[in-house]
Amino acid sequence: MAVRIAVAASDRPFQGPVSRDSGSEGTEWLAGESPAVAVTRLNLTNYRNIRHLRLETEAKVVVLSGPNGAGKTNVLEALSFLSPGRGLRRARLADVPRRGGTGVWAVAARVRYPRGVIEIGTGVAPDQRVGERRLVRIDGQVARGTAALGRALTVNWLTPPMDRLFIDGPSPRRRFLDRLVYGFDVDHAARVSAYDRALRERSRLLRDGRSDAAWLGALEETMAACGIAVAAARRETICRLRSGMKAGVSPFPAATVAADGDVERWLDVMPAIDAEGRFRAALEAARDCDARSGGAAVGPHRTDLAVCHAGKDMPAEDCSTGEQKALLVSIVLADARLQEARLGRAPLLLFDEIVAHLDATRREALFELLIDRPAQTWITGTDRSLFDRLGSAARRFGVDDGRISASPE
Ligand SMILES: Nc1ncnc2c1ncn2[C@@H]1O[C@H](COP(=O)(O)OP(=O)(O)OP(=O)(O)O)[C@@H](O)[C@H]1O
Ligand SMILES: [Mg+2]
């Protein structure tokens with residue numbers, strides 16, 4: 001079966017294309033004021049438990065409700081594939097196509113901006129080899145890699161596994177921090193990947209006992225150049241967040257954030273060029289030690305995101321579950337506001353089971369904040385009634401066994 005992976009415009013700025021009509025197309029459901037940035041049409045084909053899905057909406061907030069295992073998170077995951085990377089589950093590509101299908105899957109979205117629309121498509125085509133990267137098309141043109149998606153749209157999310165973000169190890173926190181960088185620096189993801197590739201290659205050489213000094217030197221140079229750029233972008237993001245989150249937005253607490261790592265500390269006290277030299281020298285000096293332990297003892301791959309509840313002066317890991325969730329909401333919404341204020345672009349937000357752990361006051365405050373945002377938010381839950389207070393700003397859909405239906409208002 002041939003699946004057409006829809007299309008979209010590649011290197012256009014996020015503010016939106018200028019050429020096409022953004023008018024509504026007949027079957028859209030208007031609910032209250034329309035968001036400036038929105039996925040107004042979503043088509044999924046053979047996406048996990050969803051054979052076909054077609055959804056159109058103009059709403060500020062899109063609510064997906066239904067029983068466990070219905071496919072709500074799958075829809076959000078599909079939307080997260082409109083941004084670079086492996087989506088909100090960090091899925092292996094092989095796990096995404098519907099089981100029992102052909103291995104071909106597609107996500108196609110029409111994204112509306114203030115000045116027009118673009119069509120973004122991604123997925124795996126029938127003629128692709130197993131293990132190949134997903135295809136990306138922007139307004140019909142094939143894009144090189146997924147990085148082009150970052151120029152088209154910023155997407156961020158909060159999911160139930162992130163309830164443990166402050167409890168578990170640093171890797172998910174580092175990824176969370178990196179996602180906050182993407183909105184402001186579309187090349188950040190590519191630099192992180194280049195750094196990780198060089199790190200892996202260096203580790204392989206050291207593990208195999210290959211003493212090719214020139215090769216190791218070249219890899220360490222790449223690690224130093226990319227690593228300093230990555231650390232500098234994270235530091236900038238932290239500075240931005242600090243200024244954007246001085247007060248918090250009640251009842252969501254202000255968070256004190258810091259990037260905790262050796263390279264970031266060097267950048268505090270010396271120019272980037274010197275930090276790069278120091279990092280390169282540290283890598284060279286640590287070769288024997290790194291060969292024994294694997295990996296690299298120093299570098300931005302070890303950076304942690306430290307978060308503190310500012311009002312209570314309490315590290316996030318010692319806050320209650322609901323407080324931790326509120327801190328995450330604070331950070332994501334502050335980042336969204338900063339993107340709006342400084343770049344004139346607002347991210348699409350995907351909140352999976354967001355109201356779990358939030359009390360009624362925080363739930364209602366969150367709804368108000370989402371309604372005030374200039375971009376669309378997608379939100380899921382098993383209990384539709386929890387979203388009643390969103391009123392006409394929300395469009396509600398029921399999800400059941402991989403099928404979606406518009407709920408009566
Ligand atoms: N590749 C796949 N093919 C078919 N089904 C899949 C595939 N991957 C996952 N599923 C199934 O999709 C179903 C829906 O998953 P999803 O996580 O979207 O449910 P949900 O509605 O979010 O449920 P919950 O309320 O429990 O979070 C699950 O039963 C899962 O096993
Ligand atoms: Mg779910």
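Two strands count as a pair if DSSP finds at least two bridges between them. The legends below use that rule for a predicted model.

**View 1. The strands β14 and β15 make a hairpin.** Two residues lie between the two strands. One residue of the turn is Asp 401, with a positive phi of about 50°. β14 and β15 pair in the antiparallel sense. Four bridges join them. Where does Gly 398 find its opposite number in β15? Gly 398 stands opposite Ser 405.

**View 2. Six strands build an open sheet with mixed pairing.** Read across the sheet, the order is β8-β12-β13-β3-β14-β15. Which strands stand at the edges? They are β8 (155-158) and β15 (403-406). Each has a single partner strand, so one side of each is left without a neighbour in the sheet. Direction ignored, neighbouring strands are turned by 20° against each other on average.

**View 3. Strand β3 runs parallel to strand β14.** β3 covers residues 61-65, and β14 covers residues 394-400. Five bridges join the two.

**View 4. Helix α9 lies across β8 and β12.** The helix spans residues 321-343. How does α9 run relative to β8? The angle is about 170°.

**View 5. Another open sheet of six strands is antiparallel.** Its order is β2-β1-β4-β5-β6-β7. The edge strands are β2 (50-56) and β7 (141-142). Why does each have one side without a neighbour in the sheet? Each has a single partner strand, so there is no neighbour on that side. β7 pairs with β6 (residues 135-138) in the antiparallel sense, over two bridges. In β7, Gln 141 is the bridge partner of Ile 138. Helix α1 packs on this sheet too, touching β1 (38-47), β2 and β4 (105-113). The direction of α1 makes about 110° with that of β1.

**View 6. A shell of 16 residues surrounds ligand 1.** Which residues are closest? They are Asn 49, Asn 68, Lys 72, Thr 73 and Asn 74. Helix α1 (residues 72-80) gives the largest share of the shell, three residues. What kinds of residue form the shell? Eight are polar, five are charged and three are nonpolar.

**View 7. Helices α4 and α5 pack with their axes 8 Å apart.** Helix α4 takes in residues 188-207, and helix α5 takes in residues 213-244. The angle between them is about 145°. Is the crossing left-handed or right-handed? It is left-handed. On the α4 side, the contact includes Val 192, Tyr 195, Leu 199 and Arg 202. On the α5 side, it includes Trp 215, Leu 219, Met 223 and Val 230. The residues of this contact divide into 14 nonpolar, three polar and four charged.

**View 8. The protein chain is divided into two domains.** Domain 1 holds residues 1-154 and 352-409. Domain 2 holds residues 165-344. Their C-alpha centres lie 28 Å apart. How many residues of each domain are in contact with the other? The number is 17 residues of domain 1 and 17 residues of domain 2. On the domain 1 side, two elements give two or more residues: α2 (147-152) and α10 (360-372). The largest share, five residues, comes from α10. That side of domain 1 divides into seven nonpolar, six polar and four charged residues.

Definitions and conventions:
Residues numbered from 1 in each chain as written. Chains lettered and ligands numbered in written order. Predicted model: local features only at pLDDT ≥ 70, side-chain atom pairs only at ≥ 80, totals over all residues. Domains from an automatic or database assignment. Contact = placed C-beta atoms within 7 Å. Nonpolar A, V, L, I, M, F, W, Y, C, P; charged D, E, K, R; others polar. Near = placed C-beta within 6 Å. Axes fitted to C-alpha atoms, helices over the stretch in contact; angles between N-to-C directions. Left-handed = near helix turned anticlockwise from the far one by under 90°.
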